[in-house]
Amino acid sequence: KKACMTRHNKSVLLLIIFNSLFELSLGYLSAPYNVPRKNSRLSMNVVRRNKPGKIVVKKDSDRVKAEILLDPPKLITFEAEGTLMQLSTPMGLQLREALLKANRYTVRLPGPTAFENEYLSVFNNAMEEEPIYGFKDEEPSFNWWYNVIQLSLKKTLLNYGIPPEEVLEPIFEELFDEFYFETCTGLESWELRPDVLETLDRLADWRDETGANLGVISNSDERLSTILDNLDILDHFDFVFTSREMGSELPSTAMFDEAIKRCGILPSEAWHCGNNLERSVMASKEAGWKPVFINKPPYKKGPQIVNCMSISKLLPALRLPPIPGPIRSTRRRGQFVEEYE
């Protein structure tokens, strides 16, 4: 009987130890990570490898939690479209409106979808034939866009039996100048993504305190700085690299390499935030950077150190307080979004 009690006590003790180790190995991942619930547990291998940062294990009520503390970066860069800003009006609607306006609203035109489809087709073909907005052919980006917009409008009109020589050709020069220099660089075309301005304000303060750098790395033409200025965020960045000005486009690592050279830091000390897995996450990882994936769940698997729906989730990763209250957004045509003061 005494031997049975001893074996029973040993079994209970081993069970308690096993449960403790099991809860430790499956500790919930807390901030700064924002990951799907099904992937929110840490394996014991992650704890052993201690990647990608320091892991602090602490007990919260009845559960043991493991919190990853990332080493703060010396440089954070952002992709522009889809991460910092987005189209406020679909391109098809903008083109149709520009053509109507140039014709003094005296013509009947097909719907915006027709213009959108032709524009995307012409744009993608031009990017394949003359990449980087005509850089490799030494063509000015103005001429590259001139051909893209003219051809997409012409093909749309022909598809619906509307003669371009009557509706498009007499007014296209005036139409394109205004569209290229004003419409496509202003608030008619672009708006900030939710919570970007508040987050950049805090990141700018963090940069001033730590001596870090903030930048933009994007597949865009040289008008990007003008767009960021019109959106009132250009002053938040130390540099803006565009594919047209640098002569290289993502997923090439050339712009990443130039950025760390400019800042005089190691690749491992830089983070890049983007909304495209191949163009942003994989490319920055290949350059030796730490990628941050800005996207909606379910998140695609990749080498990213942080998954988040918006750049405001970077703040906990940098041990900065989150933005309080509801997220400020804008009103998009065809999509009603509440604002708050």
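Visitor: By class, how many nonpolar, polar and charged residues does the lining of the largest pocket have?

Guide: The model is a predicted one. Its largest pocket holds about 1,100 Å³ of space. Of the 44 lining residues, the closest to the centre are Glu81, Phe123, Tyr133, Trp190 and Asn219. Sorted by class, the lining has 22 nonpolar, 11 polar and 11 charged residues.

Visitor: Which element gives the largest share of the lining of the largest pocket?

Guide: Elements that each supply at least two lining residues include β5 (85-87), α3 (91-102), α6 (141-159) and α8 (172-181). The largest share is seven residues, and it comes from α4.

Visitor: Why does the span of α6 agree with what its 19 residues should give?

Guide: A helix is expected to span 1.5 Å times one less than its number of residues. For the 19 residues of α6 this should come to 27 Å, so the value agrees, because the end C-alpha atoms of α6 lie apart by 27 Å.

Visitor: Which elements do the buried residues of α6 pack against?

Guide: Buried here means under 20% relative accessible area. Among the residues of α6 that are buried are Trp144, Trp145, Ile149 and Leu153. The buried residues of α6 pack against α3, α4, α5 (131-134), α7 (164-167), α8 and α11 (243-246).

Notes. Residues are numbered from 1 along each chain as its sequence is written. This is a predicted model: local features need pLDDT of at least 70, side-chain atom pairs count only at pLDDT 80 or more; totals for chains, interfaces and linings use all residues. Side-chain values use heavy atoms; hydrogens and water are left out. On a 1 Å grid over the protein atoms alone, a cavity is a set of points where a 1.4 Å probe fits but cannot get out, and a pocket is an open set with protein on both sides within 12 Å along at least five of seven lines; lining residues have an atom within 4 Å of a point. Grid points are joined across faces, edges and corners, and a volume is the space filled by probe spheres set on the points. Helices (H or I, at least four residues) and strands (E, at least two) are DSSP runs, numbered from the N terminus. Ala, Val, Leu, Ile, Met, Phe, Trp, Tyr, Cys and Pro count as nonpolar, Asp, Glu, Lys and Arg as charged, and the others, Gly among them, as polar. Buried means under 20% relative accessible area, exposed over 50%, partly exposed in between (1.4 Å probe, protein chains only). Contact means heavy atoms within 4.5 Å.
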